[in-house]
Amino acid sequence: MATLQDICVAAAINILSAFAFLVAFAILRLQPVNDRVYFPKWYLKGLRSSPKSSAALGRFVNLDFKMYMRFLNWMPAALKMPEPELIEHAGLDSAVYIRIYLLGLKILFPITILTLVVLVPVNWTGKTLELAQFKNLTFSNIDKLSISNIPTGSKRFWAHLVMSYVCSFWTFYVLYMEYKKIATMRLEFLASECRRPDQFTVLVRNVPPDSDESVSEHIEHFFCVNHPDHYLSHQVVHNAVELAKLVEKKNSFQNWLVYYQNKYERNPLNKPTIKTGFWGLWGSRVDAIDHYTDEIAKLSEEEDAERERVIIDPKAIVPAAFVSFKTRWGAAVCAQTQQSKDPTIWLTDWAPEPRDVFWDNLAIPYFELTIRRLLMAVGLFFLIFFFMIPIAFVQSLANIEGIEKVLPFLKPLIEKKVVKSVIQGFLPGIALKIFLIVLPKILMTMSKIEGFTSLSSLERRSAQKYHLFILVNVFLGSVVTGTALQQLHQFIDAPAGEFAKTIGMSVPMKATFFITYIMVDGWAGIAAEILRMVPLVIFHLKNTFLVKTEQDREQAMDPGFLSFATSEPRIQLYILLGLVYSVITPVLLPFIVAFFAFSFLIFRHQIINVYDQKYESGASFWPDVHRRIIIGLIIAQIIHMGLLGASGADKSTTPCLIALPILTLWFYIFCKGRFESAFVRFPLQEAMVKDTLERATEPNLNLKTYLQDAYIHPVFKGSKLDIPVAIDEEENNPLVPTKRTSRQSSIHSFDVHDKSHSS
């Protein structure tokens, strides 16, 4: 268990690491050669160009030494941009994501001040851990500041009960005001944003088969009959998964071809060669340029053949389509209503914006989705369960006793005071962080298998899985198994009547582990984020071997993006820790507050200068954020009840806490009914206002042309697809026979066609 000295050593290591990262960043960002690494967003917007210098050295190194004196000016600059300008610059998703860090500060900063002033003196003067009956219990000076140091049956527990109520009601207030603010921001954003294809488009899935008509014809007939005044056009979805793989492979080969061509131009006397076997490790040696030229030619032929097959083959068309309407109002009505008396067919929902579409999953048959999600739910259960075993093993090795047991020859070195402090104060946190690196990719793959059709929904689903994993394995696993292992001898020797007391006093002692984890992940880890070491190295490698033109240099940039699937669950863990330990061990809270303040500064800078978001969902993720904070608050309240009961508090105190989870559930239901509709539905009134304003300001707008190519699969861009002809507004909706021969008396016997069809 980490002592106060160990915590100080860990703090020194992490603070020095964070400072080193920040200084390195401040210097590297000033160099002209790194300008596209640290300011890519401005290049993508066309508002920045490569620095020019008359001196040859000046193209690579900043020779203006006055700028080095102001190397920290990026900090006030990151805070200077007002929020409305930030929304216009980076989008609402990015601006609201930053507000999650601000929300953590709003909740925990006042709680930190209050609990340090009220509870720390109450805990410190308890002196329970120094009693002889607890001499076998492992504890540190930090634990004397926790609830474990309060005597059994003491009236002091009333202070903790009152603080639990204060923390809960303050959290209610902050969450309500933030939910109200974000809902207003979203509605204002949707009302003020420019015209986008997804405002007029609905994704239709599970189109029922028809023996007489193709999928495209069936869709056109259905919407001409049921939405005659608003239907405009539609684009069927093709199963182009194999074609996309060919295109990706071809692009990879083209990059290698450019690399070897550049290499040959630099050294014409030595023509590059490669081996044709696996990863170039074996096989016959051939000319690299000729090899990739031939491979690209073969892939081009395969690509053309596959593209032609996908376009012509009716089996390559899946029962789904993007249906566009003449007005936002018409799209809103269709997206938010049931289209058929059978609720399992003609399923409609708002279409993601074109860059948000995850095309691979559109080809999945709708009936498979339930089975896929059931299998992934079972898989997630086993992943969480089995991951607990290696995490517990790694944590057992990340302490003095574990290392001495596995590597006994290191005992003389480990017993040295400095080495011991580093191991106990730094190693547990870094071991856990390293072990969790691969997890987000596994969870994202599982979400893709589940069949979600947009990148934003994939990220939200992955975030949900990651949050559950962190909750069970990192928080509950570390608290329960970690503490139980550390205090195993005390648990075995304790009388049956004292067992509950031992649990009540041992659980708060895991605060020292979380302090080390917060410093590793939340201090040094966030500072490493701004340095962007991996993108820096990759950019210079591409710039050296692949870049010929300015366009190539722009493509070599990797601005990155906010990974909601991994970052938001981490924020939730820190909020959970703050809510849990606010009453138990308040000394942990300053470390969390420092994380939120530091992260707010770092990510605001990154959003302004670096990240280029892949999509814009209008902050549709906020209900998930709110719900997970509520879950954390309920967990904290239950733990507080359990600890007060296990610690032998006055019998009248514990029942007083039962009302808190009930109040929290009521608060969640109230906020859900009050605000959530703003994130899942688009008001018809707002849609009509935007439509009316657009007709007044742009009476000659050709919406059909604007939407024509919006939802074509990227692999078809530039090729001629058989796009369905839209209904002509000037046509008086003539009725013409369909191709059906067996159901002439049905409602589809006469449908709407334009002049080209009727002729």
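These are my notebook entries on one predicted model.

**Entry 1: the whole chain**

I began with the overall counts. The chain holds 31 helices and 8 strands. I then looked up burial. Of the 759 residues, 51% count as buried. Next came contacts. I took those with a separation of 6 or more, and 81% of them join residues 24 or more positions apart.

What is the order of its strands? The open sheet has 4 strands in the order 2-5-1-6, and the pairing is antiparallel. Strand 2 (231-238) and strand 6 (347-350) are the edge strands, since each pairs on one side only.

A reminder to myself: strands of a sheet pair through backbone hydrogen bonds, either parallel or antiparallel.

I went through the pairs one at a time.

- Strand 2 and strand 5 run antiparallel and are joined by 7 bridges. Here I found Ser233 opposite Ser324 of strand 5. His234 has Val323 of strand 5 as its bridge partner.
- Strand 1 and strand 5 run antiparallel too, with 5 bridges between them. In this pair Val202 stands opposite Val323 of strand 5.
- Strand 1 (residues 201-205) and strand 6 are joined by 4 bridges and run antiparallel. Arg205 faces Leu347 of strand 6.

Helix 12 (residues 328-335) does, and it touches strand 1, strand 5 (317-325) and strand 6. The direction of helix 12 makes about 130° with that of strand 6.

**Entry 2: burial in the strands**

Why is strand 2 largely enclosed by the rest of the structure? I counted its residues: 8 of the 8 are buried, so the strand is largely enclosed. Strand 5 is mostly covered, with 7 of its 9 residues buried.

Which residue did I pair with it for a distance? I took Phe325, 93 residues away along the chain, and the two C-alpha atoms are separated by 4.7 Å.

**Entry 3: Leu443**

I moved to a helix residue. Leu443 lies in helix 17 (residues 439-450). Is Leu443 buried or exposed? Its relative accessibility is 1%, so it counts as buried.

I listed what it touches, leaving out residues up to four places away in sequence. The list is Leu380, Leu383, Ser462, Lys465 and Tyr466. For Ser462 I also looked up the distance. Ser462 is 19 residues from Leu443 along the chain, and their C-alpha atoms are separated by 5.7 Å.

**Entry 4: the second largest pocket**

Now for empty space. Rolling a probe the size of a water molecule over the atoms shows where such space is left.

The second largest pocket has a volume of about 1500 Å³. How many residues line it? The lining has 47 residues, and Asp349, Trp350, Ser454, Ser457 and Arg460 lie nearest the centre. I sorted the lining by type and got 15 nonpolar, 12 polar and 20 charged residues.

I asked where these residues come from. Several elements supply at least two each, including helix 8 (157-192), helix 13 (366-397) and helix 26 (622-646). Strand 1 and strand 6 of the sheet are also among them. Helix 18 gives the largest share, 5 residues.

**Entry 5: the cavities**

The largest cavity has a volume of about 110 Å³.

Which residues line the largest cavity? I wrote down Asp93, Tyr97, Ser456, Glu459, Arg460, Leu562, Phe564, Gln613, Tyr615, Ser617 and Phe621. The elements giving two or more residues are helix 7 (92-124) and helix 18. Helix 18 gives the most, with 3 residues. By type, the lining divides into 5 nonpolar, 3 polar and 3 charged residues.

Conventions. Residues numbered from 1 in each chain as written. Predicted model: local features only at pLDDT ≥ 70, side-chain atom pairs only at ≥ 80, totals over all residues. Heavy atoms only, no water. Pairing = 2+ DSSP bridges. Contact = heavy atoms within 4.5 Å. Axes fitted to C-alpha atoms, helices over the stretch in contact; angles between N-to-C directions. Buried < 20%, exposed > 50% of the residue type's maximum accessible area, 1.4 Å probe, protein only. 1 Å grid on protein atoms, 1.4 Å probe; cavity = no way out; pocket = protein on both sides within 12 Å on 5 of 7 lines; lining within 4 Å. Points joined across faces, edges and corners; volume = space filled by probe spheres on them. Nonpolar A, V, L, I, M, F, W, Y, C, P; charged D, E, K, R; others polar.
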